Amino acid sequence: IYEDVILFLNNAESTMEDYRNFLFMGPSGVGKTTWARLIGRIYKAVGMFLYGTVAETNQSSYISGYTGQTGIKTVSTLNANLENIILIDEAYSITESGSYGSDVITALVDWMDKNIGCYMIIAAGYEDRILRHFIGDNEGLDRRFNNKYLFEYYTGEAMVGILTRNLQKADLLDQRESATGVHLAPLSGPSRADSNTGDATE
């Protein structure tokens with residue numbers, strides 16, 4: 001992202017024909033949507049996109065229940081978000097939905113090529129499913145989603161840090177307590193192979 005921004009600032013015209021799309025892979029609650037919003041703010045600030053708002057979409061934003069209408073609905077959703085960042089949550093659910101999914105992908109690829117430089121698409125979801133059932137569904141998607149990031153579970157220490165900062169923002173934690181360390185009782189719940197990791201929703 002840093003290199004892309006610097007290149008744009010030095011020679012904006014040379015970057016307008018570059019695909020600027022991302023795969024955010026990982027479990028829920030590890031910050032994929034938060035990072036999408038942050039990227040939107042960065043790219044808007046440097047003037048790369050006119051609006052830079054993150055439009056959160058999913059399967060229902062693209063697939064129509066009527067034959068022949070899915071491609072039209074897909075293009076309509078994408079056109080409504082030119083100069084924005086389009087987040088497709090659980091992108092693999094599009095192709096896993098059946099025959100209509102291929103209509104979405106066909107329309108998506110065509111639209112991406114025609115409007116290159118005027119959008120960013122971030123496809124998010126679980127790593128194995130997004131690689132097999134989204135990227136793997138069309139050989140052209142791999143090179144169009146040329147930035148791939150894997151988000152992993154937080155460590156126990158990192159989750160305590162997140163909780164501490166949120167408590168401070170809500171004025172529910174004395175600054176002196178946070179300076180000396182926050183002591184929390186062990187969390188109960190389903191165990192994982194590594195019980196010292198988790199996501200930020202926990």
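Guide: A crossing is left-handed if the near helix is turned anticlockwise from the far one by less than a right angle, and right-handed if clockwise. Helices (H or I, at least four residues) and strands (E, at least two) are DSSP runs, numbered from the N terminus. By that convention, α4 passes α6 in a right-handed crossing. This is a predicted model, in which local features need pLDDT of at least 70 and side-chain atom pairs count only at pLDDT 80 or more, while totals for chains, interfaces and linings use all residues. Residues are numbered from 1 along each chain as its sequence is written, and side-chain values use heavy atoms, with hydrogens and water left out.

Visitor: Why is α4 called oblique to α6?

Guide: Helix α4 (residues 70–79) and helix α6 (residues 99–114) pack at an angle of about 40 degrees, with axes 8 Å apart. Angles under 35 degrees count as roughly parallel, over 145 as roughly antiparallel, 65 to 115 as roughly perpendicular and the rest as oblique, so α4 is oblique to α6. The axes are lines fitted to C-alpha atoms, for helices over the stretch in contact, and angles run from 0 to 180 degrees between N-to-C directions.

Visitor: Which residues of α4 and α6 meet?

Guide: With contact taken as heavy atoms within 4.5 Å, T70, G71, T74, V75, L78 and N79 in α4 meet Y100, D103, V104, A107, L108 and W111 in α6. The residues of this contact divide into seven nonpolar, four polar and one charged, where Ala, Val, Leu, Ile, Met, Phe, Trp, Tyr, Cys and Pro count as nonpolar, Asp, Glu, Lys and Arg as charged, and the others, Gly among them, as polar.

Visitor: What makes T77 buried?

Guide: The relative accessible area of T77 is 16%, and buried means under 20%, exposed over 50% and partly exposed in between, with a 1.4 Å probe and protein chains only; therefore T77 is buried. Not counting residues up to four places away in sequence, T77 touches T57, S61 and Y62.

Visitor: How do you know that the buried residues of α4 are on the same side?

Guide: The buried residues of α4 are T70, T74, T77 and L78. They cover an arc of only 95 degrees around the axis, which puts them on the same side of α4; the arc is that of the directions from the helix axis to the C-beta atoms. These buried residues pack against β2 (54–57), β3 (85–89), α6 and β4 (120–125).
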